[in-house]
Amino acid sequence: MDGQLSYAYAVVRSSPSLERTALSGARGVAGAAVGLVHSGAVAAAVSAVPRDEFSEGALKGLLEDLRWLETTARAHHLVIETLAAHTTVLPLRLATVYLDDNRVQEMLSEREEAFTAMLDRLADHLEWGVKVYAEARPEEPAADAGRPADQRTPGQAYLRQRRYQRQAREDAWRAAEEAVRRTEAGARGLAVERARHRPQQGDLARVPGQNIANDAYLVPRGVAEEFRSRMRHAADGLPGVRVDVTGPWAPYSFALPLSLDTQEGPGHR
């Protein structure tokens, strides 16, 4: 593989048929064909990537390039979701790269027991994302103003609008906290694990409102629809609050803490 490295997407149970079914025609990062490297009871989905783009030194710069990052993440995610439609997967961190397939096989051999235990734990479970947003109204409704705007001085109007905005934010925040309590209560008895992520801000917050809670739940497949229904109704009757439910996903939030990638940064091994 001169000039190439091995990009690893996920760990799955070893199955000769998986390449003929899930991965038939699949293309991964850099448009390369995706295959499996087997070791004992487990296997890793891999594809070849150019060394000059995915070497440790090159990645340090490219991971700051949002366009490159988005394109690579889409390809990475697509392979994982393709596999997840057929079997339980342990997603690996974006840009997990090895010197060659032999190194991938060594990694699988060293961690076969841990991977097998994790695959057993996550079998027939799905990940759902639940985000709670507060959306305060920026302007005072005319009906709430108390008297016509043209009877107020500019200073009075400004102060009134500031008080209204502050009160609206406080109301929306309290309502959002109630929505968070509802999502937590609704998840009890259905979800088996929860992962709390940092609320999204800045460039990651591409939707309206302030993200108050950003959680992921691990849910048995058999109760997935009931879980989704409960989450979708968590903001009912709460003005200024929105609950976004996404999924089902491969168990990204529940596989990484025990995977090899948590303690190691991106780069080749």
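Trainee: Which residue lies over the face of Tyr 133?
Mentor: Arg 242 does, at 4.2 Å from the ring centre. Keep in mind that this is a predicted model.

Trainee: How many aromatic pairs does the structure hold?
Mentor: There are four aromatic pairs. One of them is Phe 54 with Trp 68, a tilted pair with 5.6 Å centre to centre and 50 degrees between the planes.

Trainee: Where do Phe 54 and Trp 68 sit in the chain?
Mentor: Phe 54 is in helix H2, residues 51-54, and Trp 68 is in helix H4, residues 66-84. The two are 14 residues apart, and the pair links distant parts of the chain.

Trainee: Are Phe 54 and Trp 68 buried or exposed?
Mentor: Phe 54 and Trp 68 are both buried. They also belong to one aromatic cluster, together with Tyr 7 and Tyr 9.

Trainee: OK, what about Tyr 217 and Phe 227?
Mentor: Tyr 217 and Phe 227 form a tilted pair too, 5.3 Å centre to centre with 55 degrees between the planes. Tyr 217 comes from strand E7 (residues 210-220) and Phe 227 from helix H8 (residues 224-232), 10 residues apart.

Trainee: Changing topic: which strand is Asn 214 in?
Mentor: Asn 214 is in strand E7.

Trainee: Why is Asn 214 classed as buried?
Mentor: Because its relative accessible area is 8%, and the cut-off for buried is under 20%.

Trainee: What does the side chain of Asn 214 reach?
Mentor: The side chain of Asn 214 reaches the backbone oxygen of Arg 198, at 3.1 Å.

Trainee: And which residues does Asn 214 touch, leaving out those up to four places away in sequence?
Mentor: Among them are Val 130, Lys 131, His 197 and Pro 199.

How values were computed: Residues are numbered from 1 along each chain as its sequence is written. This is a predicted model: local features need pLDDT of at least 70, side-chain atom pairs count only at pLDDT 80 or more; totals for chains, interfaces and linings use all residues. Side-chain values use heavy atoms; hydrogens and water are left out. Rings of Phe, Tyr and Trp (its six-membered ring) pair if their centres lie within 6.5 Å; planes under 30 degrees apart count as stacked, over 60 as edge-to-face and the rest as tilted. Helices (H or I, at least four residues) and strands (E, at least two) are DSSP runs, numbered from the N terminus. Buried means under 20% relative accessible area, exposed over 50%, partly exposed in between (1.4 Å probe, protein chains only). A charge sits over a ring if NZ of Lys or CZ of Arg is within 6 Å of the ring centre and within 35 degrees of the ring normal. A polar contact is a pair of N or O atoms within 3.5 Å; within protein, one must be able to donate a hydrogen and the other to accept it, and residues adjacent in sequence count only if both atoms are side-chain atoms. Contact means heavy atoms within 4.5 Å.
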